[in-house]
Amino acid sequence: MGDFFDVKLAIENLPLILSGLPMTLIVSFASMGLGLVLGLFVSLARRSDLVLFRYPARVYISFMRGTPILVFLFILYYGLPMIDLKIPAIMAAILGFGLNSAAYIAEVIRSSINSVPKGQWESAKALGFGYWQSLMKIILPQSTRIALPPLTNVFLDLVKATSLAAVITVPELFQKAQIAGGRSFDSLTMYVLVALIYWPICILISVFQERLENKFSRFMKS
């Protein structure tokens, strides 16, 4: 076991690796926030009857879901300076993850809105509500409960994907593990330690998701 995971070495390097946790959380939450805002507008454009909105949204979703996010991180951090547009590593990471996650979030929101019975739209129209008023006051509140589980899955994937930000020098968990592994000459122990740190974070997110679902379920029943 000592050859696979050195407990003593892991404990010694735990403070160094945990120093990257705040950055991991900052990138995760900021990227998810950006993805939610952009994803909502992309999903509405995807549902639009106007070709001018619908097809660009479909192309965006297809392109972002069909290409590696690592490519965008390299383009944003290493490519943009070639055209005299340099951005900090953390900003490049947030933009890269946010733009990528928006494509997945857009499809989650779109399918959730489509899951709301059409009768709800008709009832809102009968009450004199316009499109945006119906969407914000009636449709989105109902679709939120439907979207919670898949949105949480997107966030879980996003939290784990932030490890890719290490390649553009963002000082998050995995980058700190690389530094610790280089110092100790035992990278495997550091990588296993990082996995053991990510695991409880994802468990906490899942627990929070269950509580939100229960809260929305009580709201829908009341």
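Which residues does the UniProt annotation "transmembrane region" cover? The unreviewed entry gives residues 20-45, 57-79, 85-106 and 188-208; UniProt positions follow the numbering used here, feature names are shortened, and annotations may be inferred rather than shown by experiment.

Before going further, note that this is a predicted model, in which local features need pLDDT of at least 70 and side-chain atom pairs count only at pLDDT 80 or more, while totals for chains, interfaces and linings use all residues. Residues are numbered from 1 along each chain as its sequence is written, and side-chain values use heavy atoms, with hydrogens and water left out.

**The whole chain.** Display the C-alpha trace: its atoms fill a box of roughly 70 × 50 × 25 Å along the principal axes. The chain has nine helices and zero strands (DSSP runs numbered from the N terminus: helices are H or I of at least four residues, strands E of at least two).

Colour next by pLDDT, the predictor's confidence in each residue from 0 to 100. The chain averages 89, and 95% of the residues score at least 70. Confidence is lowest in helix H6 (residues 118-126), at a mean of 83, and highest in helix H2 (residues 21-47), at 95.

**The annotated spans.** Select residues 21-209, where the unreviewed UniProt entry places "domain: ABC transmembrane type-1". This span is 82% helix and 0% strand, and its end C-alpha atoms lie 21 Å apart. Within residues 57-79 the chain is 87% helix, with end C-alpha atoms 24 Å apart; for residues 85-106 the values are 82% helix and 28 Å.

**H2 against H5.** Show H2 and H5 together: they pack at an angle of about 45°, with axes 5 Å apart (axes are lines fitted to C-alpha atoms over the stretch in contact, and angles run from 0 to 180 degrees between N-to-C directions). The two helices are therefore oblique to each other, the class left once angles under 35 degrees (roughly parallel), over 145 (roughly antiparallel) and 65 to 115 (roughly perpendicular) are set aside.

**H5 against H7.** Finally, select H5 (residues 89-115) and H7 (residues 131-161), which pack at about 145° with axes 8 Å apart. Contact means heavy atoms within 4.5 Å. On the H5 side, the contact residues include Phe97, Tyr104 and Val108; on the H7 side, Leu135, Ile146 and Pro150 are among them.
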